[in-house]
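Hi everyone, thanks for coming. Let me put the structure up, and then we can walk through it together.

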Amino acid sequence: METGKKKRMTASEKRFAKEMETLIKMSLSDLMVVERKRMPVGV
């Protein structure tokens with residue numbers, strides 16, 4: 001196993017990690033909203 005891998009991240013990796021973090025945080029609430037809107041339509 002590689003040690004200290006998390007500490008060595010490039011700028012793009014950091015940006016990607018932050019985007020994923022926000023997507024995960026958003027998606028939980030957003031998915032519920034989307035599902036509620038979609039259910040009655042039956043799509």
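Let's start with Glu 21, which counts as partly exposed because its relative accessibility is 46%; buried means under 20% relative accessible area, exposed over 50%, and partly exposed in between, with a 1.4 Å probe and protein chains only. Please keep in mind that this is a predicted model, where local features need pLDDT of at least 70, side-chain atom pairs count only at pLDDT 80 or more, and totals for chains, interfaces and linings use all residues. Residues are numbered from 1 along each chain as its sequence is written, and side-chain values use heavy atoms, leaving out hydrogens and water.

Which residue does Glu 21 form a salt bridge with? The partner is Lys 25, with the closest N and O atoms 3.5 Å apart; the rule asks for a side-chain nitrogen of Lys or Arg within 4 Å of a carboxyl oxygen of Asp or Glu. By this rule the count is 1 salt bridge. Lys 25 counts as exposed, because its relative accessibility is 57%. Both Glu 21 and Lys 25 sit in helix H1, 4 residues apart, or about one turn of the helix.

Helices here are DSSP runs of H or I, at least four residues, and strands are runs of E, at least two, numbered from the N terminus. The chain has 1 helix and 0 strands. Helix H1 covers residues 11-41 and includes Leu 23, which is partly exposed at 46% relative accessible area.

Finally, buried residues make up 0% of the 43 residues in the chain. Thanks, friends!
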